[in-house]
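Colleague: Could you walk me through this model, step by step? I am new to reading structures, so please take your time.

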Amino acid sequence: MATPTRTPRRDPADPPAPSPPERREEPTGLRRRLRRWDHTGSPYVFVAPFFVVFAVFGLFPLVYTGWLSLHQVSLYNVDRTDWVGLQNYQDLLFGPASELFWNALRNTVSLGVLSTVPQLLIALGLAHLLNYRLPARGFFRTALLAPYATSVAAATLVFALIFSPEGGMANWLLGLVDLGPVRWESGTWSSQLAVSVIVIWRWTGYNALIYLAAMQAVPRELYEAAAIDGASRWRQFRHVTIPELRPTILFTVVVSFIGSTQLFGEPYLFGGQSGHQGGTDHQYETLGILMYDQGFHYSLLGRASAIAWLMFGLLLLVGLANTLIARRLRAAK
């Protein structure tokens with residue numbers, strides 16, 4: 001006769017026995033596909049608005065402008081397009097409009113040099129001064145952004161009065177040192193110098209803050225080691241600050257050159273009635289001014305689109321040069 005098994009009595013002080021694990025139901029095929037889509041597709045949904053906006057306002061205008069550059073289109077009859085192939089590019093590079101194009105390209109490069117080199121040198125000096133513990137340092141840092149926040153139209157109109165041949169402040173200052181009055185808007189170099197002063201005034205503070213942020217990232221140990229070796233402030237600036245700022249300087253040079261390529265508002269407003277053609281003799285006409293003049297003044301939208309694509313190709317070359325120089329700088333470290 002089998003003896004009945006006894007269930008051992010449980011001590012109340014013992015911890016409760018663990019409950020058996022619940023059996024989870026396996027997701028069905030539809031649920032499995034939805035979960036997989038959630039893990040793989042949701043990141044694309046989050047970034048989709050950017051690509052939609054870029055496609056509508058960036059990619060489509062770029063492609064459409066390239067399509068227009070291969071046609072002859074009038075501003076007054078946009079629906080009618082006549083296929084001309086590369087004729088617009090040929091006219092700009094070698095044809096009847098080549099003189100205007102190469103003149104605008106020269107003016108763009110010269111304005112870029114006249115505005116970029118002094119601008120970055122002044123910005124570098126200002127950043128070096130603000131990197132020290134000066135009184136009211138926060139006020140000066142904020143004041144540097146005031147020209148950048150100023151409207152292009154307001155700043156250009158003020159400087160147009162300063163460089164006015166009749167009673168302008170620039171000629172008044174020249175008269176103090178017995179130099180004759182200058183007709184700033186008429187001459188080639190005088191007009192380009194005046195436009196460059198406007199660009200320098202607007203963008204120097206912006207670049208100075210970029211340099212200041214880069215200087216504050218330089219390790220202090222390098223300055224301390226240089227000071228122990230007996231290096232002066234100037235030698236520390238030359239042999240410590242400048243080498244550490246090379247990538248940032250390259251960035252500002254490239255961005256400034258791109259900005260000079262797209263220069264439009266300052267020369268257009270500075271010229272007044274002749275601003276649409278960069279002066280009475282095209283003496284400070286940039287590529288941006290030429291594109292506007294051909295498209296909206298002469299109603300040659302196809303040629304204006306070709307100018308836009310040539311500017312785009314120029315910027316691609318600048319970006320390629322930036323990449324090659326940056327690689328060499330990284331390899332030299």
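Colleague: How many residues does the largest nonpolar core have?

Modeller: Happy to start there, keeping in mind that this is a predicted model. The core residues with the most contacts inside it include Leu124, Tyr211 and Val240. Helix 3 (98-130), helix 8, helix 9 (220-228) and helix 10 (233-244) each supply at least two of its residues. The size of this largest nonpolar core is 17 residues.

Colleague: Which residues does Ala127 touch, not counting residues up to four places away in sequence?

Modeller: Ala127 is listed among the residues with the most contacts inside the largest core. Leaving out residues up to four places away in sequence, its partners are Ala208, Tyr211, Leu212 and Met215.

Colleague: How many residues are in the other core that lies apart from it?

Modeller: That other core has Leu111, Ala170, Ala194 and Tyr284 among its members. Its size is 13 residues.

Colleague: Now to charges: how far apart are the closest N and O atoms of Arg202 and Glu266?

Modeller: Arg202 lies in helix 8 (residues 188-216) and Glu266 in helix 12 (residues 265-270), so the pair ties together parts that are 64 residues apart in sequence. Both partners, Arg202 and Glu266, are buried. They form a salt bridge, and the separation of the closest N and O atoms is 3.5 Å.

Colleague: Which residue forms a salt bridge with Arg303?

Modeller: The closest N and O atoms of this pair are 3.8 Å apart, and the partner of Arg303 is Asp91. The bridge links distant parts of the chain, from helix 14 (residues 301-332) to helix 2 (residues 87-93), 212 residues apart. The name you want is Asp91.

Colleague: Is Arg80 buried or exposed?

Modeller: Arg80 meets Asp82 in a salt bridge, at 3.8 Å from N to O. Asp82 has 33% relative accessibility, so it counts as partly exposed. For Arg80 the value is 54%, and exposed means over 50%. Therefore Arg80 counts as exposed.

Colleague: Which element gives the largest share of the nonpolar patch?

Modeller: The patch lies on the surface, has about 1,100 Å² of accessible area together, and includes Tyr44, Phe54 and Phe312. Two elements give two or more residues to it: helix 1 (29-68) and helix 14. Phe50, another member, lies in helix 1 and counts as exposed because its relative accessibility is 54%. The largest share, 9 residues, comes from helix 1.

Notes. Residues numbered from 1 in each chain as written. Predicted model: local features only at pLDDT ≥ 70, side-chain atom pairs only at ≥ 80, totals over all residues. Heavy atoms only, no water. Salt bridge = Lys/Arg side-chain N within 4 Å of Asp/Glu carboxyl O. Buried < 20%, exposed > 50% of the residue type's maximum accessible area, 1.4 Å probe, protein only. Helix = DSSP H or I, 4+ residues; strand = E, 2+ residues; numbered from the N terminus. Patch = residues over 30% accessible without salt bridge, like charges linked within 9 Å, V, L, I, M, F, W, Y side chains within 5 Å. Areas by Shrake-Rupley, 256 points an atom, 1.4 Å probe, with all protein chains shown as cover. Core = buried A, V, L, I, M, F, W, Y, C linked by side-chain atoms within 4.5 Å. Contact = heavy atoms within 4.5 Å.
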